[in-house]
Amino acid sequence: MGSRLSVLKYYLYYKYRPAFSDRKALERWQKKKLKKHLAYVASHCALYRGKTNWQDYPVIEKSDMMENFDRLNTVGIGRKEAEAFAVEGERSRNFAPKLKGITVGLSSGTSGSRGIFLVSDEEKDRWAGYILAKFLPGSIFGTYSIAFFMRADSNLYEAVSSRNIMFHFFDIYRDMEEHRAKLENLKPNILAGQPSVLLLLAREMEQGRLKICPQVVISIAEVLEKSDREYLKKVFGLQVIHQVYQCTEGCLASTCSCGTLHLHEDIVCIEREYLDERRFVPIVTDFQRRAQPIVRYRLNDILVEKKEPCKCKSPCLALEEIEGREDDIFSFPGTDGTDKTVFPDFIRRCMLFVKSAGAGGEYRIRQEKDGSLTIYGDLTKKEREQVRKEFLRLATDRGFLLPEMVYRPYCLEKGRKMKRIERSR
């Protein structure tokens, strides 16, 4: 009961908190929150003992966090015991237990290394209240059935469940045949899952094998491409396909009523390391996480600022898209002898006009270590020629030598995050 009341408290706070009048008001509020949070971190975190000035904190990445895991968290949990606990949960598919009263989770490691996250009960309740305030289509006292497709369940999500808000975990390792009847029986109001899962469900609906009508569809965990978003909107009959940009480091962005992604700058402070005029890598400070402080944590995601202000008038930064990971930027030998970097979005555009790889289509492009491209897709000979012409046009425009291109049938490993654009490590 205590947890339910706590979730309700946070829901009401985030749902009805007065809006910030402008960007300056938001930044002033952030500054106060940061000062208070860093005072706590400086006195409770061994790694940051005595550091009260934000700029004195070094910029860290996942490897730094894992290396200093024992000294960074404030709840006395060691890295080895946390990792063993999380791995056991993955193996047994039982994600309910806690370690010393703390929720322990394991990231999937798409960036090349696994991450471990720790969340206290208070942080879990705050997260749940925030998410409910963002995505419930009506009052918190209404009745909702939420279907959530994920690689791993977690007692983090139990905070969402109540008598009127029913959370149902669907294990993506299981076959769709097992999920179809359960989904139709639930008739979920809210459907959340990776784009690869949402696309699969949409195709099932198009072919008449699945009958559901969710009010809200939320894309998580993978990059949602524009063509896929439009396809999902059409099939589900919705004006907006919501997105949540969440990772081990926190819930960082979500979609507003206008369909625009906004950074959650009301709960995190994000520095921007620019790659060009609009693309940047985020450096995150979460001024609410205490069990495992996130201070000046550099992600390797590429975010793209929106050119025009969003019509919703939120002072939180509007994003055009989450383009992909920094380590998935392709590199080609240039015609002038220098290396040419090509952002994932330019690679995606080469597939836009290919029929079978358009909206809802299945394809992947991977740059191999030797610089060649492997294109996974069920393409006809004519479509392969189209792809080659688009890449030749891109190579001419960007000044690089056209690489060798190899075609393979489309494949996606079960349980693996879908990455349409990927560079071999």
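Me: How many bridges join strand S17 to S18, and in which sense do the two run, parallel or antiparallel?
Reply: Bear in mind that this is a predicted model. S17 covers residues 363–367 and S18 covers residues 373–377. The two strands are joined by five bridges, and their sense is antiparallel.

Me: Which handedness does the β-α-β unit of S18, H11 and S19 have?
Reply: Helix H11 (residues 381–398) is the helix of this unit, with S18 and S19 as its strands. The unit is right-handed.

Me: Are the two faces of S18 covered or uncovered?
Reply: In a regular strand, side chains alternate between the two faces of the sheet. On one side of S18 you find Leu373, Ile375 and Gly377, and on the other Thr374 and Tyr376, and all of them are buried.

Me: Over to S3: how many of its seven residues are buried?
Reply: Strand S3 spans residues 144–150 and is largely enclosed by the rest of the structure. Tyr144, Ile146, Phe148 and Met150 point one way, while Ser145, Ala147 and Phe149 point the other way, and all are buried. So the count for S3 is seven of the seven.

Me: Which residue of S5 stands opposite Phe148?
Reply: S3 pairs with S4 (residues 165–171) in the parallel sense over seven bridges, and there the partner of Tyr144 is Ile165. S3 also pairs with S5 (residues 190–193), again in the parallel sense, over three bridges. In S5, the residue opposite Phe148 is Ala192.

Me: How many disulfides does the structure hold?
Reply: Take Cys256: the closest cysteine sulfur, in Cys310, is 3.7 Å away, so it's too far for a bond. A disulfide would need the two sulfur atoms within 2.5 Å. Cys316 is in no disulfide either, as its nearest cysteine sulfur, that of Cys312, is 8.6 Å away. For the structure, the number is zero.

Me: What relative accessible area does Cys316 have?
Reply: The cut-off for buried is under 20%. Cys256 counts as buried at 14%. Cys316 is buried too, and its relative accessible area is 11%.

Me: What separation do the C-alpha atoms of Val104 and Phe117 have?
Reply: Val104 is in strand S1 (residues 103–106) and is buried, with a relative accessible area of 13%. Not counting residues up to four places away in sequence, Val104 touches Ala82, Phe85, Ala86, Leu99, Ile116, Phe117 and Leu118. Val104 and Phe117 are 13 residues apart along the chain, and their C-alpha atoms are separated by 5.8 Å.

Me: What about Met351: buried or exposed?
Reply: Met351 lies in the loop between H10 and S17. Its relative accessible area is 1%, and the cut-off for buried is under 20%. So Met351 is buried.

Me: Last one: which element of the chain has the lowest mean pLDDT?
Reply: The chain has a mean pLDDT of 87, with 91% of its residues reaching 70 or more. Among its elements, helix H4 (residues 69–72) has the highest mean, 96. The lowest mean, 83, belongs to helix H10.

Terms used
Residues numbered from 1 in each chain as written. Predicted model: local features only at pLDDT ≥ 70, side-chain atom pairs only at ≥ 80, totals over all residues. Heavy atoms only, no water. Buried < 20%, exposed > 50% of the residue type's maximum accessible area, 1.4 Å probe, protein only. Helix = DSSP H or I, 4+ residues; strand = E, 2+ residues; numbered from the N terminus. Pairing = 2+ DSSP bridges. Right-handed = clockwise from strand over helix to strand, strands pointing away. Contact = heavy atoms within 4.5 Å. pLDDT = per-residue confidence, 0-100.
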